[in-house]
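This report describes pockets and strand pairing. The sequence and structure are shown first.

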Amino acid sequence: MLSLCFLSITTAGCADPAQRAQEARQLFTAQEPIKLPEGSRPSRLSLADLNGDGHLDVVAACTGKAGVCVLLGSSKGKFTPAPGSPFAAHTAAHMVATGDFNGDKKLDVITTSHDDNGAYLLLGDGKGGLTLTVSSPFTGYMVGKPHNHGLAVADMNGDGNPDVTLGHQDLGSIAVLLGDGRERLASAPGSPFRLGRGFYPHAIGDVNGDGKLDVVAPDIMGAAIVVGLGDGKGGLRAGAAIRVKPRPFDILLNDLNGDGFLDIAATHDDLHDVDVLLGDGKGDFAPAEGSPLRAGRQGWRTAASDFDGDGKKDLLVAGQGGFTVLFGDGAGAFAPRAESQYEVPGGAWGMAVGDVNKDGKPDVVVCDSDAGTVTVFLRK
């Protein structure tokens, strides 16, 4: 009897029944980590179809390689390095985003550095390759020590071309660089726009229903979340400022309660809290029931999707040690379950959500700067 018991425990991987049951309930299965070139130190990533084959690819800001690492995706959720990756950006890439900046129907990549006031544009060849433009960098701040913590791409002036926004921690301002659709970016009139004391990663969306894009930024120096209302021409003016606990870090804009208005989810880099603020569609926000939430880890990135397939938005908070899923009730309240935690040894420095294996379910891709890896978590 003793030997049979020992055999059964060994076969189960020495896990107790409760642990096995919890793992069985988990939504995601971690794939083998993908090792990037030695010294890459990936800090942020994005999912986009760079080579036009209908499959999502990984675009990572590789700080240590001073460039952008690209992994090309396949229908089974497997990724392989693009020929020539990593691609030189002539800066220690810290943040990354995509858009068609020259109108050739091929996605390009914009990247910024923590210690640089400019944005660097890499043009895509439609096959997964990238080439830095000779006109890079495009400067967002003419004065002040570089301390960039924000990057987003959106059409801020409604001309059909992607524009770029940057956030400065020390100056408390958002810079707007307007794209001309021909590989060039130029500061919007009045840019940069002073909206607070110091900003971390921001998000863009129409929060007041006027058809013009606005900016929502975490004021890490002022313990507030600040709304910058857009004028439709690339300009911003101060809107609501919502007081929160110290050091708000990352902003997500999404309709979390299904009322058709954008809401805010914000993490704190020194706390395990997540603020959920429900929008009224007029530019004002109020805390949801139970906000701030406890995520069980310091959060650096957030995403929203219906992860468990119940028709209600859930939150995913990635950061120290991995990521957590907070399950939504459809009205703006979120709570963890026993199976909510997913581990990434060095931490999920960057994270993106998308259907990478085309099975109709949201998957999670994270990068670990310490280990130099990208890991795909496939939805079961």
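Which residues lie nearest the centre of the second largest pocket, and how many residues line it?

## Basis of the values

The model is predicted: local features require pLDDT of at least 70, side-chain atom pairs count only at pLDDT 80 or more, and totals for chains, interfaces and linings use all residues. Residues are numbered from 1 along each chain as its sequence is written, and side-chain values use heavy atoms, with hydrogens and water left out.

## Second largest pocket

Ser43, Arg44, Thr63, His94 and Trp349 lie nearest the centre of the second largest pocket, which 14 residues line. A pocket is an open set of points on a 1 Å grid over the protein atoms alone, where a 1.4 Å probe fits, with protein on both sides within 12 Å along at least five of seven lines; lining residues have an atom within 4 Å of a point. The volume is about 270 Å³, taken as the space filled by probe spheres set on the points, which are joined across faces, edges and corners.

By class, this lining holds four nonpolar, seven polar and three charged residues. Ala, Val, Leu, Ile, Met, Phe, Trp, Tyr, Cys and Pro count as nonpolar, Asp, Glu, Lys and Arg as charged, and the others, Gly among them, as polar.

## Largest pocket

The largest pocket has a volume of about 710 Å³. Its lining comprises 29 residues, and those closest to the centre are Leu151, Ala152, His202, Ile251 and Arg301. Elements that give two or more residues to this lining include strands E3 (42-48), E8 (93-99), E13 (148-154) and E22 (248-254); strands are DSSP runs (E, at least two residues) numbered from the N terminus. E13 gives the most, with five residues. The lining of the largest pocket has 20 nonpolar, six polar and three charged residues.

## Four-stranded sheet

Strands E18-E19-E20-E21, in that order, form an open sheet with antiparallel pairing; two strands pair if DSSP finds at least two bridges between them. E18 and E21 are the edge strands, each pairing on one side only. The twist averages 25° from one strand to the next, with axes fitted as lines to C-alpha atoms and angles running from 0 to 180 degrees between N-to-C directions.

Five bridges link E19 (residues 214-219) to E20, where Ala224 is the bridge partner of Asp219. E20 (residues 224-230) is in turn joined to E21 (residues 236-243) by six bridges, and Gly230 stands opposite Leu236 in E21. The hairpin of E20 and E21 has five residues between the strands, and Gly232 takes a positive phi near 80° there.
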